[in-house]
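Trainee: Could you show me how to read a few features of this structure? I would like the general idea, then the case at hand.

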Amino acid sequence: MSLQLFDSLSREIKPLYPEDGKQFRFYLCGPTVYGPAHIGNFRTIALHDVLYRTLKTAGLNPYYVRNITDVDDKTIKQSQKEGLSLSTFTNKWANVFADDCVTLNMLSPDVEPRAASHIDQQIDLIQKLVEKDAAYQANDGSVYFRVSAWKDYGKLARLKMEDLQTQKTTSSGAVNTADEYDRENISDFALWKARKPEDGDNFWASPWGEGRPGWHIECSAMSMEYLGESFDLHGGGVDLCFPHHENEIAQSEAATGKPFARHWFHCAFLNVDNEKMSKSLKNFHTLEELLAKMPDPMAIRYSLISGHYRQPLNFTFNGLKAAQSALAKLEKVVTSALQIASIETENFETLFQESPSSEWGIFEKAWQKLCDDLNTPSCLGELFKTLNERTNEEISKN
Ligand code: AMP
Ligand code: ZN
């Protein structure tokens with residue numbers, strides 16, 4: 001079976017392949033670095049790590065770009081609170097994030113671009129939109145994307161244009177309560193934010209005066225910089241579907257006239273008591289905090305990928321304990337399968353080659369589960385089954 005995955009844009013399961021026939025190019029919206037990432041963030045990142053490894057194993061030669069958001073309201077506000085420059089402050093948290101990724105055995109992306117180092121690319125993209133009349137400078141000095149000029153707006157989130165135009169919903173997803181605003185339409189979103197006193201030293205020169213980019217434009221500019229105007233897949237947590245990814249599609253396609261990402265991959269939330277784990281709800285756990293209670297980071301990784309990516313996963317400490325014992329069992333069956341077959345641990349792959357009937361030998365079924373919409377729980381189930389059967393067969397032979 002070839003590798004296939006649900007696409008949130010077409011709402012269909014579609015095969016994955018590199019359009020250029022050479023390299024599968026994909027982008028993930030990474031963390032905003034204003035504090036430690038929580039394990040909800042790491043669920044999405046771990047699932048993209050599994051996707052990256054699966055693409056590699058399937059021979060699709062993936063090229064993985066994951067950004068770091070290091071300039072926005074939250075990073076600016078928090079750096080000021082701590083009396084640090086924005087770059088000193090965001091570097092500190094980007095380093096903590098990098099260490100956490102290593103602890104959780106995530107492969108590094110091929111490129112990890114930061115928004116504040118790509119201001120020129122963002123300005124160039126906004127300039128293109130202004131030239132095409134898809135963006136305009138408003139009385140407040142900021143530049144906005146003209147949502148009404150983009151006929152396909154709402155295609156990812158399946159929003160009704162009438163609701164946006166009659167202003168029942170704003171492009172930030174909130175119900176509209178504003179009486180007055182500088183934009184032509186409340187749904188128009190900021191591409192460039194005019195400098196305000198509270199921004200402190202954090203502003204850049206642009207054709208529209210001093211200011212800083214809005215959040216959405218960074219991902220369009222950086223994905224196009226490293227992957228080209230059209231690429232194979234774009235991913236993130238399901239919270240980003242609207243408005244962030246909707247806005248990315250609109251501004252990118254309006255600027256280039258070409259389809260942006262061909263496939264959209266969204267991971268459901270890690271929840272706590274059926275609510276999204278998030279910093280704003282203060283119901284989050286960091287890796288550091290969990291490791292103090294459960295020193296095995298691989299058990300945490302196992303728990304993050306143990307549910308299907310399209311289903312929310314409820315975080316509990318009991319669930320974490322269950323993940324730890326499942327992992328210990330898996331390690332035990334792997335060890336005995338290797339011992340019985342007299343294979344050294346470092347030659348683990350030779351287990352694959354034992355059955356000439358299929359490419360993946362005894363792991364064929366587990367591999368098929370991953371290829372079928374990245375079904376990690378079924379894949380793990382097949383691994384257990386196969387290794388148990390294998391061990392029992394060898395025991396009865398000896
Ligand atoms: P942020 O740091 O909020 O920009 O988020 C970084 C990544 O984590 C994004 O791809 C989000 O969609 C994702 N994310 C945030 N919260 C959760 C959650 N509770 N469960 C799964 N993914 C999440
Ligand atoms: Zn993004």
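**A guided reading**

Mentor: Let's start with Pro31, which sits in the loop between β3 and α1; helices (H or I, at least four residues) and strands (E, at least two) are DSSP runs, numbered from the N terminus. This is a predicted model, where local features need pLDDT of at least 70, side-chain atom pairs count only at pLDDT 80 or more, and totals for chains, interfaces and linings use all residues. Residues are numbered from 1 along each chain as its sequence is written, chains are lettered from A and ligands numbered from 1 in the order in which they are written, and side-chain values use heavy atoms, with hydrogens and water left out.

Trainee: Is Pro31 buried or exposed?

Mentor: Buried means under 20% relative accessible area, exposed over 50%, partly exposed in between (1.4 Å probe, protein chains only). Pro31 has a relative accessible area of 9%, so it counts as buried. Contact means heavy atoms within 4.5 Å, and Pro31 touches Asn67, Ile68, Thr69 and Phe97, not counting residues up to four places away in sequence.

Trainee: Which protein atoms are the donors of the zinc ion (ligand 2)?

Mentor: Donors are N, O and S atoms within 2.8 Å of the metal (3.2 Å for Na, K and Ca); water is not among the atoms, so sites may look incomplete. Here they are Cys29 (SG), Cys219 (SG) and His244 (NE2), 2.0 to 2.2 Å from the zinc ion. Cys29, in the loop between β3 (24-28) and α1, and His244, in helix α7 (residues 241-256), are 215 residues apart and link distant parts of the chain. Both Cys29 and His244 are buried.

Trainee: How do I read a helix such as α2, and which of its residues are buried?

Mentor: An α-helix has 3.6 residues a turn, so residues three or four places apart point the same way. In α2 (residues 73-81), Thr75, Ile76 and Ser79 are buried. Seen down the axis of α2, its buried residues fall within an arc of 100° (taken from the directions from the helix axis to the C-beta atoms), so they line one face of the helix. On the other side of α2, Lys77 and Lys81 are exposed. The buried residues of α2 pack against α3 (86-103) and β8 (211-213).
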